[in-house]
Amino acid sequence: SLPPPTRESSLDDYLRFAMLNQPSVEAAYFDWSASLERITVARSLPDPRLTFQSDIMDVVKSVMPGLMQQFPGPGKLRAAAEVADAASRQRYFVFETAVLQTAFNVKQAYYRLWFLDEKIGIDRQTLDLLTELEEIARAQNEVGKVTLQDVYRARIERDRLTTEIANLADSRHSLMAQLKGALGLTRDQPDPPPPSRFESTPLNLSGDELLAVAFARNPRLKAAEADVRRAEAAITLAGKSKVPDFSLGLMADAWSAPTMYRPLAGMTLPVWRDKIAAEIAAAQAGKSAAEARLSAEQIKVAVDFAMRSYDYREVTRNLALLQDKLIPEAGQSLEIARAGYLAGRINFFNLIDAERTLLNFRLQEVQERTRREIVLAD
């Protein structure tokens, strides 16, 4: 029984709830759990067989129940268990990937939902500013300094921003659905409350250190490595196909007196050399394919990491430019434009343009912050 997230829940609380409640994580976990049990199955002897034989002429001459056990050739059970063990290890890293993917999905929805509220807040502040500019334009029109066109320009800009706020508010439903899905909540369950505070992702490692961690811990790479080990174990198992299997049994004639016993022994004859060679060749080809997949995955991780590293450096530079220069300068430009409009030195078009510039820079700053968090989560 999991306590549902509350408005005061931290990001860790959201992540923990998702990992324990997400059906895809649960499915991956039980797939791994099932693969663990297959190791015991693979290393166990086949079930013994109960046999029965009877000699009948005019009457029953003998009744011979018996028991027979098959014994795979030396090393076969161990090789089969190693194949199952490597496959189970691969399933574990698939499970770990599902956990990390769930964490990423939660963070992605969490950050987008938070920054959507930030954008709506900025638009509403700008809407208040536009209402003030419309009043200024109306006052200027009443004293004959400007035409009524300035009033309509302010009203058009205000109506446009009002619609944009409505669209942003409407998009909140889809983002909330994404967060709900990431948390593993079904359609009939109530929506999770939005977080009351925002938690940023720290970055305390350099790029080279992060890449080293990625190659040491990335579960996709670990799964590919486990697949190579499974293929190697499969080659060993295929090589055992040339070793015969044995069977031993014992029958007893319960009809005779004294009781007669009949021991039984058997051995398979692995004489089909082309079949054995094909099994070994198939296993070797499987290993080559697994090694190629591992190399491809290593290349993909390196390329993805290089792209994310560039994205992070780019967004860091963009944020520094917006926060340190563009937004403060655009704010000063708007104040100068407002004073100039009141003094009759500039027209209303320049005033609205200064307002739009500041709004765009503030919205870009929110978008870059959102992008930064998602890049770091990825």
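In which sense do strand 3 and strand 4 pair, and over how many bridges? Strand 3 (residues 246–253) and strand 4 (residues 260–267) are antiparallel partners, and eight bridges hold the pairing, where helices (H or I, at least four residues) and strands (E, at least two) are DSSP runs numbered from the N terminus, and two strands count as paired if DSSP finds at least two bridges between them. The model is a predicted one, in which local features need pLDDT of at least 70 and side-chain atom pairs count only at pLDDT 80 or more, while totals for chains, interfaces and linings use all residues. Residues are numbered from 1 along each chain as its sequence is written, and side-chain values use heavy atoms, with hydrogens and water left out.

Within this pairing, Ser247 stands opposite Gly266 of strand 4, and a hairpin of six residues leads from strand 3 to strand 4. Strand 1 (residues 49–56) and strand 2 (residues 60–71) likewise run antiparallel, joined by eight bridges; Asp55 faces Ser62 in strand 2, and the hairpin that connects strand 1 to strand 2 has three residues. Between strand 2 and strand 3, which are also antiparallel, there are six bridges, and here Leu67 is opposite Leu250 in strand 3. Taken together, the four strands make an open sheet in the order 1-2-3-4 with antiparallel pairing. Strand 1 and strand 4 each have a single partner strand and stand at the edges, so one side of each lacks a neighbour in the sheet. From one strand to the next the twist averages 20°, with angles taken from 0 to 180 degrees between N-to-C directions and axes fitted as lines to C-alpha atoms, for helices over the stretch in contact.

Turning to the helices, helix 3 (residues 76–142) has 67 residues, which at 1.5 Å a residue should span 99 Å, and its end C-alpha atoms lie 98 Å apart, which agrees; the expected span is 1.5 Å times one less than the number of residues. Gly144, with a positive phi near 80°, follows helix 3. Ala98 is part of helix 3 and counts as buried at 16% relative accessibility, where buried means under 20% relative accessible area, exposed over 50% and partly exposed in between, for a 1.4 Å probe and protein chains only. Apart from its neighbours within four places in sequence, Ala98 is in contact (heavy atoms within 4.5 Å) with Ser24, Val25 and Ala28.

Helix 5 (residues 207–217) packs against helix 6 (residues 219–239) at an angle of about 40°, the axes being 6 Å apart. To this contact helix 5 contributes Ala214, Phe215, Ala216 and Arg217, and helix 6 contributes Pro219, Leu221 and Lys222.

The structure also holds 14 aromatic pairs, rings of Phe, Tyr and Trp (its six-membered ring) being paired if their centres lie within 6.5 Å, with planes under 30 degrees apart called stacked, over 60 edge-to-face and the rest tilted. For Tyr29 and Trp32 the ring centres are 5.9 Å apart and the planes are at 70°, so the pair is edge-to-face. Tyr29 and Trp32 are three residues apart in helix 2 (residues 23–42), and therefore separated by about one helical turn. Tyr29 is partly exposed, with a relative accessible area of 36%, and Trp32, at 21%, is partly exposed as well. Tyr110 and Tyr111, whose ring centres are 5.3 Å apart with planes at 75°, also form an edge-to-face pair, and both are buried. Ring pairs join Tyr110 and Tyr111 with Tyr14, Trp114, Phe115 and Phe198 in a cluster.
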